[in-house]
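Me: I would like to learn how to read a structure step by step, taking one feature at a time. Could you give me the general idea where there is one, and then the case at hand?

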Amino acid sequence: MTDFEPLLEAARAVAARAYVPYSHYPVGAAGLVDDGRIVRGCNVENAGYGVTLCAECGMISELMASGGGKIRAFVCVNRLGEVIMPCGRCRQLLAEHAASDFTILTPKGEANLDEVLPQSFGPADLDAAAPEA
């Protein structure tokens, strides 16, 4: 069982910094990295809606900018601090950077990656279909 309290605290704090002048729906995301760091992100909207950045994108950017690694545990929250589920695109983003023991806190409790993104597509799929050199 993962201790999600430090991640919930981090996600709630960063949600308060979200830039959401259009949807008014702040999201905070936090992940526990395999080396013990906590990385965070919040959504950043844009008048050109297609270039809006989700909280998970910000978190993964912080992951890479601060040294990389794999995410072992993840949570995202809304304005009220309630646990919410990341969209399908963000689940795919998380899958790319998930540790083998990845857990996510969902509104229904803890889950692993296979439960929230079954039959996910990833780097191994690309390697399997790569032309022979």
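Me: Among contacts in the chain between residues at least 6 apart in sequence, what percentage join residues at least 24 apart?

Reply: Please keep in mind that this is a predicted model. Of the contacts between residues at least 6 apart in sequence, 59% join residues at least 24 apart.

Me: Which pattern of helices and strands does the chain follow along the sequence?

Reply: The chain has five helices and six strands, and read along the sequence they follow the pattern α-β-β-α-β-β-α-β-β-α-α. The radius of gyration is 15 Å, close to the 14 Å that the globule rule gives for 133 residues, so the chain is as compact as a globular protein of that length. Along its principal axes, the C-alpha trace spans about 50 × 40 × 30 Å, and buried residues make up 41% of the 133 residues.

Me: How should I read a helix, and which residues of helix α2 are buried?

Reply: An α-helix has 3.6 residues a turn, so residues three or four places apart point the same way. In helix α2, which covers residues 55-65, the buried residues are Ala55, Glu56, Cys57, Met59, Ile60 and Leu63. The cover over these buried residues of α2 includes the strands β1 (28-33), β2 (38-42) and β3, together with helix α3 (88-96). After α2 comes Gly67, which has a positive phi, near 125 degrees.

Me: How many positive and negative side chains does the chain have, and how many salt bridges does a search of the whole structure find?

Reply: Side chains of opposite charge can pair when their charged atoms come close. Here the chain has 10 positive and 17 negative side chains, with the centres of the two sets 8 Å apart, and the search of the whole structure finds two salt bridges. In one of them Asp35 pairs with Arg37, with 2.9 Å between the closest N and O atoms, and Arg37 is partly exposed at 21% relative accessibility. In another, the side chains of Arg72 and Asp101 meet at 2.9 Å, N to O. Arg72 lies in strand β3 (residues 71-77) and Asp101 in strand β5 (residues 98-106), so this pair ties together parts that are 29 residues apart in sequence.

Conventions: Residues numbered from 1 in each chain as written. Predicted model: local features only at pLDDT ≥ 70, side-chain atom pairs only at ≥ 80, totals over all residues. Heavy atoms only, no water. Helix = DSSP H or I, 4+ residues; strand = E, 2+ residues; numbered from the N terminus. Rg over C-alpha atoms; globule rule 2.2 N^0.38 Å. Buried < 20%, exposed > 50% of the residue type's maximum accessible area, 1.4 Å probe, protein only. Contact = heavy atoms within 4.5 Å. Lys, Arg positive; Asp, Glu negative; His and termini not counted. Charge placed at Lys NZ, Arg CZ, Asp CG, Glu CD. Salt bridge = Lys/Arg side-chain N within 4 Å of Asp/Glu carboxyl O.
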